[in-house]
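Here are some notes to read alongside the model.

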Amino acid sequence: MRSWDAAVERAQERLAAAPRLRVADGWAGRRFELWDLASRAEGELGERVDPDALTPGGERRLRERLGGSGREWPDDGLYRRRYWVLGPDGRDGPPAGTVAVDNWTRGRGQLFVSSLYLRPSARGRGLAAAVLDEVYRAAAAEGLPGYRLEAHWTWQHAVRYYLRRGLWVVSWKHALGLTRMPQLPPYRVREDDGRLLLLVADGRHGWVPLLAAGREGRWLRLDETAAYRQSDGWVHDLARPTLALHLALAGRPLVRGPQRWAEAWRWADIGEPEGLAYKIEHFEQLAREAGRGVVTPYRPVGVGPEPAAPGPASQVPAPASQVPAPAPQVPAPLRSRPAPATPPGPVPTVPGGPPTPGVPVAGGAGAPADPGRLAASERIEGDGI
């Protein structure tokens, strides 16, 4: 047994006693499954479905259209604990949504939020934020390093929401993996002189810039600060992937030239921004092949050959002109539900639409005051990397 197992069980008991949650067991488990199905229908098909009005025939048709992600798991309750998210009337009123937390840890011993869904009428009230805070508190109380979740790249509302919540990017192997950990400080992404800057909160120095992303023609220019070079651990490892996702959502370049693009497969799990570009093109291709609508801000690297696969190095011609993508018009996504024996599917979206036009901004609780534009002394003087 894993050393975290007892801590996970205790954290689950804390969630079961939380005032905003109620355990979905017994007959309620079947109703939870229909809400789960409605969340996937909205996230993957762009269709809002009233889960409590689903007929057996309607459920069957939805599962057939969703394919593998619509599969029903009879023993789902053995792998994760399922909860109703309560509305303003508390335990005496109807539920506002659902959340599920796995019965084992992910990553470095973190709780894994495998689904999160709110009915459309319950969104925009801060319920999802309150639930995620509850999960974080339960993990911290039992000595677990926060939580982790996943979101599909094509579910833009979900991805933007989680970044606005200040989550860091920890993986893009199967989906976008995001995390909140006590080892990671609040951060911001801001625009300064046409560049996007990632800054972290420092108790003594306020907001400290780590990375800056600009353009060199059609390519990305990525600069480091001395603070980034001196950092280590989680901040050093996750700053680049986190800034990369912000760049992708802003429709900015992720690739620093043909040679970097030819080697993008090296970072197909996590790491350099070229790896994210490589995976986004893969994610969008899979969605189109499944008949899903794909509308994202990402600008493809080009129409030439794809990055070389592992093996003998091959030279890839410089990409052709970029193909602009339309502004995102994605319906409010939801959540996907993972198969217990395979990597879990992405978590869905939550209340609210995309952020106001411009540069996405993320931050967390306890962050210093908004720094505004950087002072000249804080400007990044790095070299292109």
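Which residue of E10 does leucine 197 stand opposite? Alanine 212 is the one across from leucine 197; point 3 returns to these strands.

1. Ground rules. This is a predicted model, in which local features need pLDDT of at least 70 and side-chain atom pairs count only at pLDDT 80 or more, while totals for chains, interfaces and linings use all residues. Numbering starts from 1 along each chain as its sequence is written, and side-chain values use heavy atoms, with hydrogens and water left out.

2. Overview. The protein has 10 helices and 11 strands; these are DSSP runs numbered from the N terminus, with at least four residues (H or I) for a helix and at least two (E) for a strand. Of the 385 residues, 55% are buried, meaning under 20% relative accessible area with a 1.4 Å probe and protein chains only. Among contacts (heavy atoms within 4.5 Å) with a separation of 6 or more, 67% are between residues 24 or more positions apart.

3. Strand E8 (residues 187-192) runs antiparallel to E9, with 6 bridges joining them; two strands pair if DSSP finds at least two bridges between them. Aspartate 192 stands opposite arginine 195 in E9. E8 and E9 form a hairpin with 2 residues between them, and aspartate 193 in that turn has a positive phi of about 55°. On to strand E10 (residues 206-216): E9 is antiparallel to E10 through 7 bridges, and a hairpin of 3 residues joins the two. In strand E9 (residues 195-202), 7 of the 8 residues are buried.

4. The seven-stranded sheet. An open, mixed sheet is formed by 7 strands in the order E1-E2-E3-E4-E5-E7-E6. Strands E1 (21-23) and E6 (168-171) are at the edges with a single partner strand each, so one side of each has no neighbour in the sheet. From one strand to the next, the twist averages 35°. E1 and strand E2 (residues 80-86) run antiparallel and share 3 bridges; there, arginine 22 has tryptophan 84 in E2 as its bridge partner.

5. Aromatic pairs. The count is 7, where rings of Phe, Tyr and Trp (its six-membered ring) pair if their centres lie within 6.5 Å, and planes under 30 degrees apart are stacked, over 60 edge-to-face and the rest tilted. Phenylalanine 32 and tryptophan 84 have ring centres 5.9 Å apart and planes at 65°, so this pair is edge-to-face. Phenylalanine 32 sits in helix H2 (residues 27-45) and tryptophan 84 in strand E2, 52 residues apart. Both of these residues are buried. Ring pairs link Phe32, Trp35, Trp84 and Tyr117 into a cluster.

6. A buried arginine. Arginine 106 lies in the loop between E3 and E4 and is buried, with a relative accessible area of 18%. Its side chain makes a polar contact with the side chain of aspartate 102 at 3.5 Å (N or O atoms within 3.5 Å, where one must be able to donate a hydrogen and the other to accept it; residues adjacent in sequence count only if both atoms are side-chain atoms).

7. Helix H10. The buried residues of H10 include Leu276, Ile280 and Phe283. Among the elements covering the buried residues of H10 are strand E11 (219-224) and helix H8 (233-249). Just after H10, glycine 291 takes a positive phi of about 80°.

Key:
Buried < 20%, exposed > 50% of the residue type's maximum accessible area, 1.4 Å probe, protein only. Axes fitted to C-alpha atoms, helices over the stretch in contact; angles between N-to-C directions.
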